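Open the model in a viewer and keep the selection tool at hand. The tour has a few stops.

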Amino acid sequence: MDNTQSGKMDNTSSREIYNISARETDNISAEGIRRFLRGGSEKYRERIRVYPVLASTNITAKELAAAGAEHGTVILADRQTKGRGRLEHSFFSPAGGLYMSLILEPAAFAFRDVTIITAMAATAVCGTVEEITGRSPEIKWVNDLLLDGKKICGILAEGIIDPKSGGLSSVVLGIGVNARIRQEDFPEELRDIAVSLDPKGIIPDIRNRLAAGIMNRILTDNPPNQKEILDCYRRRLGMLGKTVVVLRPGCEPVPAVAEELDESGALIVRFEDDRREILSSGEIHLRTIKG
Ligand code: BTN
């Protein structure tokens, strides 16, 4: 898939040869993902669909969900041409990243809230990254994961409302991980704020392993409850006790201290005038302050 290093120089070291072969084994495929499924997610092995290219896995997943696709259907693409992020942002999606959307029925979990599903995904990706790379990402509320302060993953959960009942009929949980993108391949505006897990291509099968690890944690026979998810999320939330900048459309950026995460996943901040506010994800974007 990612054959950017196809030529081999005469003086190539064995490590470089290993790197090249690892790059060549990074084909994402349903079969490749199935090899790493366990803990209940094997039940969904026939519901994995991998496409070479899609506009957005979330868009395709929403269409499939509307057409009746079952819980545990997972849509993946080698690359996306219109990867979407929160607040109508785009998500850089070249080959080498992991782009997956899971169709989930809320009835499979003990909670109904899209924020908690986002938190569940964030902790699932953190656990998977730790398992594969040995490194622990930090969560940036509400849906970003960072390594050394740079973004490695974004999550976009979208609820689908049943027009008859007005209730949540399914959730499309989109996860994008910068798995194997070389730093120089990020556009200039992202180069200082994004990073990938394996830019040199030394972890064989990284995308299949990431996809399976995430499925193992979300489509498990023993899904965590809301309290367990939020406890885990809170432990990984790097910004607690630190000053952040709250950005709302059409408003001046305002500094505040991120004080705590409440039991619904909302972030409680304290502004400089001592006013406290409960932020739910909505239209709010936070910028962390270095140092
Ligand atoms: C964000 O950073 O605000 C969220 C990014 C979510 C990106 C993933 S990639 C798979 C899925 N398909 C999309 O178009 N978006 C999500």
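Predicted model: local features only at pLDDT ≥ 70, side-chain atom pairs only at ≥ 80, totals over all residues.

Residues are numbered from 1 along each chain as its sequence is written, and side-chain values use heavy atoms, with hydrogens and water left out.

Select residues 57-66, helix H3. Helices (H or I, at least four residues) and strands (E, at least two) are DSSP runs, numbered from the N terminus. Colour Thr57, Asn58, Thr60, Ala61, Leu64 and Ala65, which are buried in H3 (under 20% relative accessible area, exposed being over 50%, with a 1.4 Å probe and protein chains only). They lie on the same side of H3 because they cover an arc of only 160° around the axis, taken from the directions from the helix axis to the C-beta atoms. On the face turned away from that side, pick the exposed residues Glu63 and Ala66.

Next, show Ser56, which caps the N-terminal end of H3 with a side-chain oxygen 3.2 Å from the backbone nitrogen of Asn58. After H3 comes Gly68, with a positive phi near 100°.

Move to the second largest pocket, with a volume of about 300 Å³. A pocket here is an open set of points on a 1 Å grid over the protein atoms alone, where a 1.4 Å probe fits, with protein on both sides within 12 Å along at least five of seven lines; lining residues have an atom within 4 Å of a point. The volume is the space filled by probe spheres set on the points, which are joined across faces, edges and corners. Select Arg86, Val114, Leu156, Ala157 and Ser281, the closest to the pocket's centre of the 17 lining residues. Strand S6 gives the most to this lining, with five residues.

Terms used
Polar contact = N/O pair within 3.5 Å; in protein donor to acceptor, adjacent residues only side chain to side chain.
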